[in-house]
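The sequence and structure come before the account.

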Amino acid sequence: MNDDQFTPEELALIQHLQEAPKQRLNPAVSESIRQQVLEEFRATARTIPPKTSPIKQYPQAVKLLGAIAASLAIVIAAFLLLKWNNTQDKPEATPFALALSPTPSATPINTPTPTLLISPPVIESETPPTEPEISATPLPTESILTITLPVTETIPPATSPVVVTPTETSLPVVIVEGPVQSIVNNFITIYNLTIVVEPQHPILTLIDVGDVVLVEGNFDANGMVMATLVSNIATSTTIAGTAASVGLDGPVESINGNLVMVNGITVQFDRADPILASLQVGQFISVQGNFTTSGSLIVLLVVNVTVITNINIQVNPQCWYHEPGMGMGHWHCDGMGMGMGMGR
Amino acid sequence: MQTTYNEHEIITKAQQGREEAISSLYEAHAQPIFDYISYRVESIALAEDLTAEVFLRMVRGLPNYQDKGLPFRAWLFRIAANLITDHYRQVGHQQREAIPISESHESDDPDPFDELAKKEEGMQLRQAIRMLPTEYQDLLVLRFVEELPYAEIAKVMNKSVVALRAMQHRALKALAEQLAKIDPEYSWLWGNRR
């Protein structure tokens with residue numbers, strides 16, 4: 001207030017305000033509120049994992065990613081060198097073993113499209129080496145390198161491997177498949193790896209902790225995976241020659257032309273799809289498709305759709321509707337993941 | 001606020017799930033928040049309810065809270081201001097002038113006459129403030145009762161500091177007018193008419 005200019009009357013009034021007796025919060029009430037707040041805090045902590053910065057949260061992942069990045073750089077350099085050598089002189093492609101270390105000597109690899117298959121972290125012994133050891137063994141025919149990274153801490157066993165596919169023109173693509181450990185806002189954790197999804201992406205409303213999802217993406221500078229695809233069904237799901245990455249089951253909430261709302265997600269049908277003609281609000285459908293951007297909207301582009309006619313949600317005690325919280329609501333059934341578990 | 005009170009550290013601990021950190025945040029801010037709300041609403045019970053709601057929302061919002069350089073209390077005052085706005089939106093404005101705060105835990109002054117006089121003055125002041133436009137209420141209470149700096153008030157009220165500086169004179173004048181309406185004794189505050 002030092003730099004404010006007040007009249008004497010204003011100053012008197014300000015003094016009156018400042019000297020007015022403060023309303024005291026009754027100690028008993030205050031304690032009651034505190035207990036209420038702490039109960040809410042405990043309840044919130046049970047449902048939302050504690051927030052920490054992604055880097056601090058995954059020191060082990062950072063180590064692992066650093067090792068992966070180093071190995072990738074080495075292999076790509078070797079690959080480029082090899083390709084350059086091939087243009088000069090074409091050596092005979094013979095099986096060989098390649099040992100990689102953080103400062104390896106370059107060894108030619110005769111492979112036109114190298115693919116790294118990085119197995120999940122494996123505990124080699126109770127006293128593993130402190131620095132990751134990287135060894136690579138290219139297969140003779142397809143030139144696939146299998147890299148094993150001994151790590152110092154226990155990691156849950158992976159059900160599927162992490163596949164890294166470098167190309168000459170783009171950053172390595174990371175593919176991770178496994179159970180979702182946590183979802184905080186648009187950050188998903190799988191095998192302690194932080195995956196960043198577009199904040200308002202509808203897939204965030206389709207997956208829950210424990211669901212097995214498949215993620216494709218690229219590492220960013222902080223070692224997090226920027227997801228380009230999050231799939232809640234197996235990537236091998238191919239219908240009529242078209243792969244579908246997302247499964248969505250639920251009641252039709254509204255129909256607007258070829259746009260159908262299911263569980264709060266906009267599903268885009270082919271305008272010529274004959275199902276559209278008979279589809280009605282309230283019908284339960286199972287959709288497989290792929291998310292795509294349509295203007296400012298992210299829609300689920302239908303690959304396959306099935307109208308379920310013999311389902312009664314009311315009598316299935318294992319199914320319930322997730323009320324919309326931060327996002328949109330959706331159906332969930334015990335032990336079945338999303339919807340009624342169809343298409344999974 | 002004590003110099004040893006490292007709020008940033010406490011907020012981080014609270015975000016990591018430490019219960020004692022939540023308790024510390026509540027301890028540090030409950031009284032000023034309650035005091036502010038009690039100026040803005042008509043009853044102690046309601047002020048207590050809204051205070052509780054402020055801290056419940058704090059708990060729910062903490063995972064997404066980002067320290068942007070302003071004190072944590074600015075965020076809490078903003079939650080409180082929004083809650084008060086919601087409250088009046090729900091009940092309408094007809095109740096605002098009707099029920100003065102009747103219960104009080106205001107003062108420990110041992111002189112009963114002095115205490116009564118102060119209580120009476122305090123009630124008149126609160127009554128006058130509640131009759132002002134909402135923005136004036138917020139500005140006067142946050143600036144002169146809670147003594148927040150302009151930068152924090154600007155954050156709470158979503159106004160520029162320049163606008164707040166200009167507004168405070170109008171708010172003070174309006175308060176003087178309302179006080180004079182309640183008790184002519186205050187007439188001198190807005191024109192030496194005593």
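Arg40(B) is buried, at 1% relative accessibility; here buried means under 20% relative accessible area, exposed over 50%, and partly exposed in between, with a 1.4 Å probe and protein chains only. Its salt-bridge partner is Asp138(B), with the closest N and O atoms 2.5 Å apart. A salt bridge is a side-chain nitrogen of Lys or Arg within 4 Å of a carboxyl oxygen of Asp or Glu.

The model is predicted: local features need pLDDT of at least 70, side-chain atom pairs count only at pLDDT 80 or more, and totals for chains, interfaces and linings use all residues. Residues are numbered from 1 along each chain as its sequence is written, chains are lettered from A and ligands numbered from 1 in the order in which they are written, and side-chain values use heavy atoms, leaving out hydrogens and water.

Over all chains the count is 14 salt bridges, and 4 are found across the interface of chain A and chain B.

| Chain A residue | Chain B residue | N to O distance |
|---|---|---|
| Glu40(A) | Arg60(B) | 2.8 Å |
| Lys22(A) | Asp35(B) | 3.6 Å |
| Arg34(A) | Glu27(B) | 2.4 Å |

Lys22(A) lies in the loop between α1 and α2 of chain A, and Asp35(B) in helix α2 (residues 19-40) of chain B. Lys22(A) is partly exposed at 34% relative accessible area, whereas Asp35(B) is buried at 2%. Glu40(A), Glu53(B), Arg57(B) and Arg60(B) are joined into one network by salt bridges that share partners.

The contact (heavy atoms within 4.5 Å) takes 36 residues from chain A and 56 residues from chain B. The area buried between the chains, that is, the accessible area (1.4 Å probe) lost by two parts on being put together and summed over both, is about 4,300 Å², with 59% from carbon and sulfur atoms.

Terms used: Helix = DSSP H or I, 4+ residues; strand = E, 2+ residues; numbered from the N terminus.
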